[in-house]
Amino acid sequence: MLEKLFKLKENNTSVKTEIVAGLTTFMTMAYIIALNPNLLTNFGAEGGDLWNGVFLATCIASAVGMFAMAFLANKPFAMAPGMGLNSFFALVVVNIVNITGMTYVQSFQAALCIILVEGIVFIILSAFNVREKIVDAIPLGVRLGIAPAIGMMLMNIGLGSNAGVYSETGGPFYVMRDFFGSLTAGLAEDTMGSGYAGMVLSVVTMFVGLFVIVILAQKGVKAAVILGMLFASVIYWGGEYLFLKVNPFASLSEASFLPPFQDMASTTLFKFNFSGFLQIGGFTVVTLIVTFCIIDMFDTIGTLVGTASRAGMLDKNGKMPQMKEALLADAVGTVVGSATGTSTVTTFVESASGVEAGGRTGLTALTTGIIFLACMFIAPIAAVIPAAATSSALIYVGVLMLTGLKNVRFDDLCETVPVALMLIAMPISGSIGHAIGIGLITYTIIKVFTGKAKDVTVLTYVLSLIFLVKFFLAA
């Protein structure tokens with residue numbers, strides 16, 4: 001049944017490998033289950049009912065998107081409300097509150113209308129192959145740089161921001177900036193206060209987990225990533241108990257394992273506030289929809305192309321089979337997200353961890369989606385996975401994705417310069433779409449002013465112009 005459905009032998013994989021890959025992907029992106037409702041509700045400040053509604057919407061919309069990815073495209077890519085896009089959505093909600101005077105919940109429901117329109121637009125564009133043509137319009141040189149740039153961003157997330165620690169002196173404190181960075185200026189303990197011990201534990205956990213993953217991978221262990229994360233988690237839990245005098249599982253004793261469906265029904269489920277949506281203003285609405293579309297489109301395209309490249313799923317022209325179906329799955333997830341109560345659902349860069357664990361088919365995505373649904377009941381258990389353990393996996397996968405640089409023609413500045421800028425722009429901006437935009441603009445300008453304007457396709461010119469306009473409008 002599964003063999004026929006997902007063509008496992010054809011993709012040189014097995015049920016066991018796919019399930020392990022799906023679990024690996026989940027462990028690296030489980031943070032979104034709690035973080036997304038935190039961001040969209042100002043860390044619970046807007047009421048527990050809304051938080052619960054967004055929490056369930058995150059689980060449901062992510063799962064539906066992954067089921068669509070599994071059955072429509074048969075690809076191992078996971079989906080969830082996109083980081084960056086959710087922060088932007090929360091900012092839009094606050095602006096709607098200021099513009100209209102509505103409550104936060106009413107403004108939230110008005111903003112969901114924007115996500116609904118975006119999702120419908122993407123379904124139409126995907127059905128008519130417009131999004132696939134946009135993928136094809138990205139020059140091969142820029143496409144080859146996407147995977148390494150994503151690798152840099154994953155390493156930045158793991159080393160820079162995924163192990164943040166708080167204390168009475170502030171926070172979050174980050175590994176490279178505040179631990180290693182402060183060592184060059186003085187004792188890290190002086191700047192972190194009581195958070196110093198937690199930071200030391202995070203650093204030890206992160207690197208021990210990374211070394212375990214690398215050693216196991218070198219020995220040919222297919223489950224290296226997930227085993228390394230579990231080993232790192234045990235190290236962290238032991239350190240919390242022995243040195244920080246904290247019970248890492250204390251939250252489980254007071255946790256509720258019953259999904260708050262009633263809160264979702266009263267706050268987010270099909271709660272589109274169209275009257276409030278119309279109060280925002282026509283120009284503002286159009287601008288917001290276009291902005292969400294551009295960011296989501298290129299974030300998704302970049303993740304799909306970059307991760308597929310690492311998995312060897314691209315043909316000699318740098319194209320991925322079933323790209324149309326994969327993009328359609330992204331659009332379906334976004335529409336479901338708007339109907340249940342969350343911001344734009346997009347393909348997650350953490351999918352690379354599952355691919356590295358051997359995931360090659362939709363069974364990986366299906367596995368991750370099922371676990372996301374289960375998290376409606378077991379979210380407190382997922383919450384005890386330490387961020388430092390997921391950092392180990394993200395750093396490892398990021399390093400592996402850098403190997404894609406060997407395919408870039410460094411003797412051609414038309415390729416080298418766009419790729420170099422993408423490598424630095426993606427981790428700094430935190431946006432795959434913005435980095436691709438910078439790469440496209442750079443490629444186009446160099447070609448035009450070196451007498452090779454005819455090498456640039458019409459659609460590439462259009463995309464470069466769109467990004468130029470977007471960057472200046474945003475400024």
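This is a predicted model: local features need pLDDT of at least 70, side-chain atom pairs count only at pLDDT 80 or more; totals for chains, interfaces and linings use all residues.
D412 is buried, with a relative accessible area of 17%.

D412 pairs with R409 in a salt bridge, and their closest N and O atoms are 3.2 Å apart. R409 itself is partly exposed, at 48% relative accessibility. R409 also meets the side chain of E415 in a salt bridge, at 3.1 Å from N to O. E415 counts as buried, because its relative accessibility is 9% and the cut-off for buried is under 20%.

The structure holds four salt bridges. Another of them joins K447 and D455, with 3.2 Å between the closest N and O atoms. Here the lysine, K447, is buried at 9% relative accessibility, while the aspartate, D455, is partly exposed at 45%. As for networks, shared partners join R409, D412 and E415 into one.

Now the core. The largest nonpolar core has 133 residues, and M69, F89, F108 and F298 touch the most other members. Helix α4, residues 48-73, gives the most to this core, with 14 residues.

What does F108 touch, leaving out residues up to four places away in sequence? The list is L40, L50, V54, F89, V93, T268 and G341.

Last, helix α6. The helix covers residues 104-127, which is 24 residues. From first C-alpha to last, α6 reaches 35 Å, close to the 34 Å expected at 1.5 Å a residue. After α6 comes N129, with a positive phi near 65°.

Definitions and conventions
Residues are numbered from 1 along each chain as its sequence is written. Side-chain values use heavy atoms; hydrogens and water are left out. Helices (H or I, at least four residues) and strands (E, at least two) are DSSP runs, numbered from the N terminus. The expected span of a helix is 1.5 Å times one less than its number of residues. A nonpolar core is a set of buried Ala, Val, Leu, Ile, Met, Phe, Trp, Tyr and Cys residues joined through side-chain atoms within 4.5 Å. Buried means under 20% relative accessible area, exposed over 50%, partly exposed in between (1.4 Å probe, protein chains only). Contact means heavy atoms within 4.5 Å.
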